[in-house]
Amino acid sequence: MDLYEHQGKDLFARHDIPVPRGIVAETADSARAAAETLGGTCVVKAQVQVGGRGKGGGVALVDSPDEAEAAAARMLSEGFKGMRVVRVLVEERLSIAKELYAAILLDRSTGTDLAMVAAEGGIDIEELARTKPEALCRVHIDPEIGMHPYHRSALMGALTGALPAEARHLVENILIGLYEVLTQEDATLVEVNPLVLLTDGRVIALDAKVAIDDNALYRHPETEALRSAFPVDAVELRAREAGLQYVKLDGEVGIIGNGAGLVMSTLDLVQRAGAGAANFLDIGGGASAEVIATSLEVVLSDPSVRSVLVNIFGGITRCDIVAEGLLAALQRVTSNVQIVVRLDGTNTVEGRRVLKEAGHPKIVQVATMLEAAEKAARLAHGEAA
Amino acid sequence: MAVLIDETTKVVVQNITGHEGRFHAPRNRAYGTKVVAGVTPGRAGENVEGIPVFDTVADAVRETGANTSLVFVPPQSATEAIYEAADSDLRLIICITEGIPVRDMVRVASYLRGKASTLVGPNCPGVISPGKSNVGIIPGEICTPGRVGLVSRSGTLTYQIVYELTQRGIGQSTCVGMGGDPVHGIGFIEALEMFGEDPETDLVVMIGEIGGDDEERAAAFIAEHMERPVVGYIAGFTAPPGKRMGHAGAIITGSRGTARAKAEALEEAGVKVGRTPTEVAELAERALA
């Protein structure tokens, strides 16, 4: 789960990482009020989970409450890079002397934590790693021993010359705070880009990017609750409430399958067949007829879906149960969309028979995954199956 | 021979009295696997379809000679089960559980370094050496004994590819489900190493997906050390960046972990990469001809 900037900064503040004074606003009026509270001169930042806000108009420097109101109105109505903006963060404007970069992430390939700093900030860090790898200082931290002063000394080495001596301990304290967020909040990434040295000598996190491990949310109910602040579309919300693994995509073939790898492979085959997947939906293992029925209802409720592909390779999932679930859903919803079904694995014979005997006009049974992808793609383009 | 499991494998099922343990332990036994014990704390003396239940793994090992654990413990306490199995000196620990926090797994991985136990998983379908032993949830009937070793990050996609191999009369020495979590037990490299030394394996099929760099590191290993042919498949060519595709580990971060980069790395190392599961089986068939 990726947090919004303002949520990340709240987490930072709880771990004594200095952040700018800021107020979250959901309307242009409240953005105006926030700017008044902050003294008029401030920054309005669209809250979206995508980078490039600075260049793309997602951050506005304003000099009055009027301007803050106008900037917020624009962001809230126009969105940013195609994403809906439901909140802006209005922050005090600070006088910046130097921009830096700091991040700590869980490095999955070594199973250790990886801390990184650079004496440049506000930059595309992948770009920096490619073009000037020596500018990015990387230090691995064994989670068994945690972060020690020598780790920080190694990191601070990269900032020599970029920081006055008296600011060094401020950056070190921030590194301590970031490591706390990573380990105590079950984050997989904490990134500050930029971390800034102010002309008054303070060091402050001007941005915050925090990713939390979904599997650990059960032990952080307060973090889980932050999800309610996320805008979600109705289809996604429905899928989540049903406990389904669902990701909205921008094609026209609705996909239902069992197992993440098989579903990903199905999306790829649909594209090879010349269409695009409208979603990723994994029903998991051993799904009940009710879960199958809900899955089909969820996919059919997406207006961009022109055909549906159900691809099941039953291990603990039983094909006869899948067939029953599909038929149950079709009794509850009316849809003009054709549903291509491929069943293999546990109880295939029974599953195929159930569908054949029902003879539902919307269900097209096929024998293989490849054939299913091709048929679903043709149907999505309005051609005959 | 095969790798990891064979006729000598004696399995203790941790949380055998839970829903999944109750279902799969007897299924594994029916396949021919020596399922000798179960463990559920506080339930010693009970049995699951004749399989005796013990309070601790140590008790089960002492009484039955179990050498392999199959973990069906829920995510909140699964790592505890892995620690207990490792502390009881089990040779092999296969953890099926999905949903373990990654920081808990980091600690497990660190603890297991230098220990005698090998971990497979978590979030995996288990391991099967067709005709010999099946430890986990892979449907035994789709497999057939033979000389292809298979290692995969995915469950049902593995079934699909195994099924296509079996339909062409190509059997398998061992199928290893390494799991879909970002931090896990053995990976492609360890499996390739084992298959490279197994006298019953002629070719390896590796099934990867988006996220992380397991496939890229495997490609480097193959280029350097692997003499036997390897056929690959990567799922997720159409997955958008930044979205988790079902598995905790299946996510493209920034520009890293894409299917294209993985397939290219493997192809550079001489691996034939199929673009569909069917093509993978065809490539394997051709390489074995």
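This is a predicted model: local features need pLDDT of at least 70, side-chain atom pairs count only at pLDDT 80 or more; totals for chains, interfaces and linings use all residues.

Colleague: Where do the domains of chain A run?

Modeller: Domain 1 covers 21-92, domain 2 covers 96-226 and domain 3 covers 234-380.

Colleague: Switching to chain B. What's the strand order in its sheet?

Modeller: The order is S3-S4-S2-S1-S5-S6-S7. That makes 7 strands in an open sheet, with mixed pairing.

Colleague: Which strands are at the edges?

Modeller: Strand S3 (47-48) and strand S7 (118-120) of chain B. Each pairs on one side only.

Colleague: And how does S3(B) pair with S4(B), parallel or antiparallel?

Modeller: Antiparallel, over 2 bridges. S4(B) spans residues 51-54. Take Val48(B): its bridge partner in S4(B) is Ile51(B).

Colleague: Which strands does helix H2 of chain B touch?

Modeller: H2(B), residues 57-64, packs on the sheet against S1 (10-14), S2 (34-39), S4 and S5 (68-71) of chain B. Its direction makes about 145 degrees with that of S2(B).

Colleague: What about H3 of chain B, which strands does it lie across?

Modeller: H3(B), residues 75-87, lies across S1, S5, S6 (92-95) and S7 of chain B. It runs at about 170 degrees to S6(B).

Colleague: New topic, helix against helix. At what angle do H5 and H9 of chain B pack?

Modeller: About 45 degrees, with the axes 9 Å apart. H5(B) is residues 156-167 and H9(B) is residues 277-288.

Colleague: Why call that pair oblique?

Modeller: Angles under 35 degrees would count as roughly parallel, and 65 to 115 as roughly perpendicular. The angle here is about 45 degrees, so H5(B) and H9(B) are oblique to each other.

Colleague: Is the crossing left-handed or right-handed?

Modeller: H5(B) passes H9(B) in a right-handed crossing.

Colleague: Which residues meet there?

Modeller: From H5(B), Gln160(B), Ile161(B), Glu164(B) and Leu165(B). They meet Pro277(B), Thr278(B), Val280(B), Ala281(B) and Ala284(B) of H9(B). By class, the contact has 6 nonpolar, 2 polar and 1 charged residues.

Colleague: Last thing, the two chains. How many residues are in contact?

Modeller: 47 residues of chain B are in contact with 40 of chain A. On the chain B side, H3, H4 (102-112), H5 and H9 each supply at least two residues.

Colleague: Which helix gives the most?

Modeller: H4(B), with 6 residues. The chain B side divides into 22 nonpolar, 17 polar and 8 charged residues.

Methods
Residues are numbered from 1 along each chain as its sequence is written. Chains are lettered from A and ligands numbered from 1 in the order in which they are written. Two strands pair if DSSP finds at least two bridges between them. Helices (H or I, at least four residues) and strands (E, at least two) are DSSP runs, numbered from the N terminus. Two residues are in contact if their C-beta atoms, placed from the backbone, lie within 7 Å. Axes are lines fitted to C-alpha atoms, for helices over the stretch in contact, and angles run from 0 to 180 degrees between N-to-C directions. Angles under 35 degrees count as roughly parallel, over 145 as roughly antiparallel, 65 to 115 as roughly perpendicular and the rest as oblique. A crossing is left-handed if the near helix is turned anticlockwise from the far one by less than a right angle, and right-handed if clockwise. Ala, Val, Leu, Ile, Met, Phe, Trp, Tyr, Cys and Pro count as nonpolar, Asp, Glu, Lys and Arg as charged, and the others, Gly among them, as polar. Domain bounds come from an automatic or database domain assignment.
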